[in-house]
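Here are my notes on the model you sent over. Have the structure open beside you as you read, and take the points in order.

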Amino acid sequence: MTEVRDDGETTGPDYGFPAPVFRLLEEKGRPPGPLFNPRLWKSPIRGPWLTSVFAAVLLVGLPILIVTGLLSYLAYQPQFPGNAFPGDVHGLRLPYFTWPTNPSWLYRLNQGLHVGLGLALIPIVLAKLWSVIPKLFAWPPARSAAQLLERASLALLVGSILFELATGVLNIQYDYVFGFDFYTAHYYGAWVFLAAFVTHVALKLPVMVRSLRSRRLRDELRTPLAATVPEPLDEHGLVAIDPDDPTISRRGALAVVGGASLLITAVTLGETVGWRPSALLSARGQDYGDDPTDFQVNRTARTAGIPKDVSGWTLTVVGASTVTLTRDELLAMPQHTAELPIACVEGWSTVQTWTGVRLRDLVRLAGVERPESGVVTSLEKRGAFARAVLNRKQLVEPDALLALTVNGVDLSPDHGYPARIIVPAAPGVHNTKWVERIELRA
Amino acid sequence: MRRLYGAHPLHLLSLLGCFALAGYAALQASSDPKALRIALWFLGALIAHDLVLFPLYALSDRLVGGLLPRRRHHGRLVALPGTVNFVRVPALLSGLLLLVFFPVVLRRSEPAYGAASGLDQSPYLGRWLLITGVLFLGSAVLYALRVRRTREPAHTD
């Protein structure tokens with residue numbers, strides 16, 4: 001038997017080194033039962049063309065997931081210790097840069113894309129895996145070291161994409177059943193995926209292109225069930241040797257998978273674009289009510305252990321000099337109003353009208369000319385984001401506020417009363433609530 | 001090289017690159033106190049799909065296909081072409097929504113969710129059931145229309 005290689009050449013020997021071992025594996029190693037019999041696979045529409053259509057969609061979508069994911073990590077400004085998780089990623093450290101404050105919807109867009117696209121790609125990933133599953137049970141599993149290694153890389157590819165999707169899906173719904181730090185696992189999992197994905201694309205791109213060219217999409221979209229016939233038998237073993245009669249056309253299958261994608265988007269998108277009633281199944285799709293402070297809360301005052309009575313509260317700003325201000329003194333300073341989003345790493349966001357003191361006015365008050373960074377601490381004593389470091393752009397941006405009111409009323413306890421940070425384009429959790437102290441570094 | 005290895009040397013190089021980078025990421029993750037759990041979940045994700053989810057939906061699909069009414073066509077008993085889709089498609093969409101949103105639908109994460117948002121997860125089960133109902137009802141209406149159309153000889157496809 002001669003094997004046709006992916007680039008169309010035929011290789012001389014059947015088996016790589018050591019040939020007797022691979023031959024023995026093929027001839028004597030097949031486990032009993034139907035699972036490794038190619039006749040088990042009956043779908044008449046499985047084939048390289050259909051697989052390649054799913055692959056082409058993923059080839060566009062997955063790089064966007066990777067880029068937005070890595071950008072999100074950088075938006076947490078990991079150059080400041082304690083700001084991002086995992087903290088020190090050694091060789092997997094991308095070049096640090098000062099995260100911008102403009103446009104204010106930057107992080108909202110990034111995370112909306114990351115989470116929204118990640119959810120929408122779930123049906124495509126599952127369809128792609130369905131389309132190639134006969135290869136998982138092909139016998140022999142390999143005829144050469146090359147095939148063996150490639151299979152190992154596929155295990156990394158499939159394991160990592162499923163791991164990333166599963167941890168992401170659980171995290172945005174607050175189901176921490178996995179019992180490890182989400183950020184750490186999702187970050188390193190992403191690098192495993194990146195490695196396996198780039199390699200897979202490098203090895204398979206020619207096959208994908210050739211398979212896509214084997215049929216015309218326009219013709220497939222015009223082919224009804226009655227005229228649906230299997231693709232010609234292929235060297236990859238995807239096309240069924242003994243297919244059933246078709247029960248769905250190829251265009252029907254594509255419509256179901258695409259429709260599933262749209263359905264997931266339809267029941268979640270509202271949490272990002274701000275039309276919550278449509279976000280039927282997203283964790284952040286619930287309405288809070290009609291009051292000015294009725295919008296998404298990320299951590300309640302009770303959970304954060306904020307005392308009910310904060311009447312003696314003061315803000316301390318440490319710079320060249322140390323300034324202590326009461327809430328009334330802050331209200332007596334020039335007030336600035338800005339319409340800004342809170343955009344969470346979980347993909348949801350909410351845009352509100354905030355009023356308060358510009359951070360740069362506080363910076364000037366503390367006698368600092370050019371701040372490098374500012375450590376903001378909360379009344380909250382525990383919690384991963386009870387402390388956040390703001391970068392130099394965030395401290396001087398005209399719309400970056402220490403907000404005292406929202407939508408014309410005092411902040412509610414859950415939204416950070418007596419005062420909270422609100423910075424354009426920053427990840428939601430860096431908009432520290434219940435601010436107690438700002439320590440500037442020049 | 002090609003004879004021994006079974007592919008072009010570039011094939012080997014790109015795979016070694018892949019394993020090196022993935023290995024480095026795993027090495028970094030291994031300093032996490034929960035590294036073993038992360039590794040088990042990685043492996044579990046593979047098994048859960050290939051050996052649980054896939055067999056489950058593939059067998060359910062065959063089961064549903066086998067339950068459909070059949071009629072004689074060229075001497076063989078076959079279901080009306082495509083009939084299975086009227087069950088398959090709404091079931092698949094509803095099942096997919098449950099697969100993705102089960103934490104809120106089944107109220108699994110209420111304590112953490114409540115601590116963050118101050119809300120509970122009571123609306124989600126009803127919403128999922130409602131969407132499921134609409135999907136199956138819609139499918140039933142489409143099926144009824146198709147049955148009517150195929151019974152009227154004047155209309156042909």
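1. Over all chains, a search of the whole structure finds 13 salt bridges. A salt bridge here is a side-chain nitrogen of Lys or Arg within 4 Å of a carboxyl oxygen of Asp or Glu. Please keep in mind that this is a predicted model, in which local features need pLDDT of at least 70, side-chain atom pairs count only at pLDDT 80 or more, and totals for chains, interfaces and linings use all residues. Residues are numbered from 1 along each chain as its sequence is written, chains are lettered from A and ligands numbered from 1 in the order in which they are written, and side-chain values use heavy atoms, with hydrogens and water left out.

2. A:E380 sits in the loop between strand 5 (373–378) and strand 6 (387–391) of chain A, and A:R299 in the loop between helix 8 (270–273) and helix 9 (301–304), so the pair ties together parts that are 81 residues apart in sequence. Helices (H or I, at least four residues) and strands (E, at least two) are DSSP runs, numbered from the N terminus. A:E380 is buried, at a relative accessible area of 7%, while A:R299 is partly exposed at 25%. Buried means under 20% relative accessible area, exposed over 50%, and partly exposed in between (1.4 Å probe, protein chains only).

3. Chain B has a salt bridge of its own between B:D61 and B:R88, with 2.9 Å between the closest N and O atoms. This pair links distant parts of the chain, 27 residues apart: B:D61 belongs to helix 3 (residues 35–67) and B:R88 to helix 4 (residues 85–105) of chain B. B:D61 counts as partly exposed, with 29% relative accessibility, and B:R88 is buried at 19%. Elsewhere, A:R215, A:E220 and A:R250 are joined into one network by salt bridges that share partners.

4. Back in chain A, the side chains of A:D219 and A:R216 meet in a salt bridge at 4.0 Å, N to O. Are these two residues buried or partly exposed? A:D219 is partly exposed, with a relative accessible area of 34%, and A:R216 is partly exposed as well, at 47%.

5. Now for the contact between the chains: 71 residues of chain B touch 80 residues of chain A, where contact means heavy atoms within 4.5 Å. Together the two chains bury about 6,300 Å², 72% of it on carbon and sulfur atoms. Buried area is the accessible area (1.4 Å probe) that two parts lose on being put together, summed over both. On the chain B side, B:W41, B:F42 and B:F101 supply 10% of the area buried against chain A, more than any other three residues. How many salt bridges does the rule find across this interface? The rule finds one; B:R108 forms a salt bridge with A:D175, the closest N and O atoms being 2.5 Å apart.

6. Chain A is divided into domain 1 (19–277) and domain 2 (301–441), with bounds that come from an automatic or database domain assignment. The C-alpha centres of these two domains lie 41 Å apart. In contact across the boundary are 29 residues of domain 1 and 32 residues of domain 2 of chain A. The two domains bury about 2,500 Å² between them, 55% of it on carbon and sulfur atoms. In domain 1 of chain A, A:T98, A:T101 and A:R108 lose the most area to domain 2, together 23% of what that side buries. Across this domain interface the rule finds zero salt bridges.

7. Finally, a few overall values for chain A. There are 12 helices and 10 strands in chain A, and 55% of its 442 residues count as buried. The C-alpha atoms of chain A fill a box of roughly 85 × 50 × 35 Å, taken along the principal axes. Among contacts in chain A with a separation of 6 or more, 71% are between residues 24 or more positions apart.
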